[in-house]
Every structure is written in C-alpha cells, then in structure tokens.
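Please read the points beside the sequence and the model.

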Amino acid sequence: RHHSGEVTAIEVSPDGNTLASGGGDGMVHIWNIQTGDRTHSIRAHAGSVTCLGFNESGTTLASGGEDSLVKMWNLKERTPVAAVLDSHQEAITCIAFVQREGEEHLLSGSKSGAVKWWDLERRFARETRFFGNGEVKAVALGDSGNNMIAGGDVRGSALLASWRITEDGRTETDAMHHPLGEEASTSIVFAPGTIGDVAAVALKSGGLLVVPFDTRGWGKAVQLDTTTPIHKVALCKDGSRVAGGTAEGELFLWERVENAASPLRIAAHQAVGSIAFTAEQGVKLFSGGVEGTIKRWEISAGGAVADEEMEISRAGVAPRSGAVAIHRESGVAVASAPGGTIELRYASTGEKAGATAVHGSEVTALAFARFADGEEFLLAGGEDGKTKMWSWSSLLEETGNGAAPQVLPHTHQGGVRQLIFYQ
C-alpha cells in the first residue's frame, strides 16, 4: 500500500481491525485490516505526519505533524474534519490517548521538550511540563494512571522521566529522572500493561534497552543487542515482544524480552520508517518503509514471523515478491516468486492454492481480468516485456505447474511495470 514517499507513522486500533498510516506527504490513510481496503484518505498536515494514535474505541484518530499541530479525526464521518489542538511551538514527536478515572485524555510531546496534557472537551492544554532541553519521543500514563511518563533525549543522552499525579488530578512540577547513560536514543515507545509498564529504548550505537516502570519507579534495564543500530522500535500490548527496524531495511523480533534471546531477523524494506504491533498480544506486526509500502507480518505461537508460506496477506505486500495481487472473491493471493513463477496462496492462512503459473521471466506486474462472459484470467507482465494470461479457474483447479499461458502479441521494450484491466 503506497504513500507518495516515506511511511513515517503507523498505528493499529485497539480492536485490531483498523490501521492508520501517515506519510512524508502529509497524508493519513485509514485501512480495513481484514480486507486491505482503504476507507479514508485525509490531507492531514502541512509537512510530514510524525505520529498517530487511536482512542480506546478506535473511532477517533489523533495525528501530529511537523507543522506543530495535533489534530483529531472522527472516523465515523465519511469525510473527517479536524479538531485542531494548537499550542506547541515545534514539531509534534509523539501522541497518546490515555484513560484515567473513566475519562479519556490526550498527551503529546514535541521537539522542543514540551509534554502537554490536553483537555479534549475544551481543546486546550490543561498542563504543560518540560522534559528538558531536548526532544520528547514517547508519552504515556504509567502505574495505573498515577504517573505521567515520558522518554527522549536531553543534551544528547537518553532519559526517562515521570511526574507523580496528585489527588486533585494535577501533575507535580518536578520530574523523577532516570538517565540511561551518555548515548542518544533513536526511538522510544511505552507499553502500558496491567501489571506494570515497559519502555523500550533504541540506542544510537546499537541495541535496545527494555525498562520496567511501576509504583516504585523505573526498574533495571534488560539490554537486547543487535549487530545493526535500531532506527524504530515497537512493543506489543503486554510488553513481552519487542520489534526493531533499521535504516538498512531489516526487522528484528524478540519473542521474550526477559531472557534477551537472539532475535529473529527479517529483510523487509529499503529502510524501515515505522512499525507497530496489533493490540491483541502482538499477533501481527506491521511495518512501513521509506519506499512507501506497508507490510503485515504474521507471528506464530512460537514467536516466529512466517516465512514464504505466510508472507502474502490482505493488508500488505509480500516481503520478497516483486508483484502481488489478491482475488477478492476467492481470497487467493498471487505473488511473483523466484524463477519467473507465480504462486497462489490463501491470503488468510498462507496455504498453497491451485497450480504454480510459469511466466519464464521475472514477474514485475500482476492483475486480474474479467470479460463480459464472466470468464476470469490472471495477467502477468515480465522483465522481458511480455504479458501472459492464464485461465483463473484452471489455475485454481490444477496442481503442480499450470497449463501454458497465452502470450499477448505486444511486447514492451523493457519490463512491464503495471497492468490495469478495463472492461
């Protein structure tokens, strides 16, 4: 799924049904995860979208931008109109909807070090606290809503901070600081949980620190080492799984944080721009790349990201495929594979469906065609400039290598890059 530029922010709704993506083009796209359909496209900000957040019901999306604005979008409306929260002086770096004593609140942080707690009914900042002389990268409520917490960099060093919330619902002026050494961070996230809270901090030189937070304050960090510096980081809802993305396009996944085992390593994008788990115990992981694509990764009960057999999904692009398309009626996805072949798999399970179509040249474009008599065909364009066509019903019924395709008479001088069928 494409933005016209880098995917800079991804967020999944609490019920796991909706995905929001923001881009360097200032656009926010809303996706139905089950079908892969785009339900809304919003021109949200002047400049890059920097962060996104859903409220608990998934009906409101907050977006932050380089334009220093926080905007809220009612997704129940066919054409959402922004409610604008405007009092930051620099780019918004993080936002989070939070619940406290049955009421919904919004927190935001900025590049200037300001942390704001918003009164959503009257649309003004009820409190502003300063993290320090540096950028705020994550905000949340911790310890069952008894602390406001933030993470970021101050004078080039990673730092976590917390402000105790008093009985009258105000935050104490002085923060409790928890330095993380002399290194700067590249990404920080929080995973508020039921038995405590967890912060994941990616360090500029490489590796991750996972730090618990509870009524006693910040706990001892667990260090997760990598061979490549982590650029973006995500935590699943219960804090047990952590994922990191690199500027080289790799994803790292740790199944159990507490044992610091070696991570699973996946080639995903040209460079990873954003990552997010679904809220349902980290069953699915979404990643956005600087090339503009969004990919969905299935995670098994053992914590392994599914390989070739599971890489086709309704809400993403196959990680090692040059081209992919989904037949909506049958739920079968087709994707280019090594050796100039095309594999058919059920999008919901990744299991093989029907025969393998053989093009003979690297497949660079795929499309479905339905003619007036109702007969359907799979079309594939190759690097050799040839477009070939197979009967779709025959491919579904056969096994092994499918029948020889029909070859369309026109050959492009160079690879076929896109196929569109008009009836």
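1. A disulfide is taken here as a pair of cysteine sulfur atoms within 2.5 Å. By this rule the model, which is predicted, has zero disulfides.

2. Why is Cys51 in no disulfide? The nearest cysteine sulfur belongs to Cys94 and is 6.4 Å away. Seen from Cys94, the closest cysteine sulfur is that of Cys51, and this distance is too far for a bond, because the cut-off is 2.5 Å. Cys51 is buried, with a relative accessible area of 7%, and Cys94 is buried as well, at 6%.

3. The largest nonpolar core comprises 17 residues, and Val115, Phe131 and Val139 have the most contacts inside it. At least two residues of this core come from each of strand S9 (92-100), strand S11 (114-119), strand S13 (136-142), strand S14 (147-154) and strand S15 (157-164). Another core lies apart from it and has 16 residues, including Ala325, Val334, Ala355 and Leu366.

4. Phe131 deserves a separate look. When neighbours within four places in sequence are left aside, its contacts include Val115, Val136, Ala150, Val154, Leu159, Ala161 and Trp163. Asp153 and His177 are also among the residues in contact with Phe131.

5. Is Ser110 buried or exposed? Ser110 counts as buried, because its relative accessibility is 0%. This residue belongs to strand S10 (residues 103-110). Its side chain is joined to that of Ser112 by a polar contact of 2.8 Å. Beyond the neighbours within four places in sequence, Ser110 is in contact with His88, Glu90, Ala91, Ile92, Thr93, Glu135 and Val136.

Note on methods
Residues are numbered from 1 along each chain as its sequence is written. This is a predicted model: local features need pLDDT of at least 70, side-chain atom pairs count only at pLDDT 80 or more; totals for chains, interfaces and linings use all residues. Side-chain values use heavy atoms; hydrogens and water are left out. A nonpolar core is a set of buried Ala, Val, Leu, Ile, Met, Phe, Trp, Tyr and Cys residues joined through side-chain atoms within 4.5 Å. Buried means under 20% relative accessible area, exposed over 50%, partly exposed in between (1.4 Å probe, protein chains only). Helices (H or I, at least four residues) and strands (E, at least two) are DSSP runs, numbered from the N terminus. Contact means heavy atoms within 4.5 Å. A polar contact is a pair of N or O atoms within 3.5 Å; within protein, one must be able to donate a hydrogen and the other to accept it, and residues adjacent in sequence count only if both atoms are side-chain atoms.
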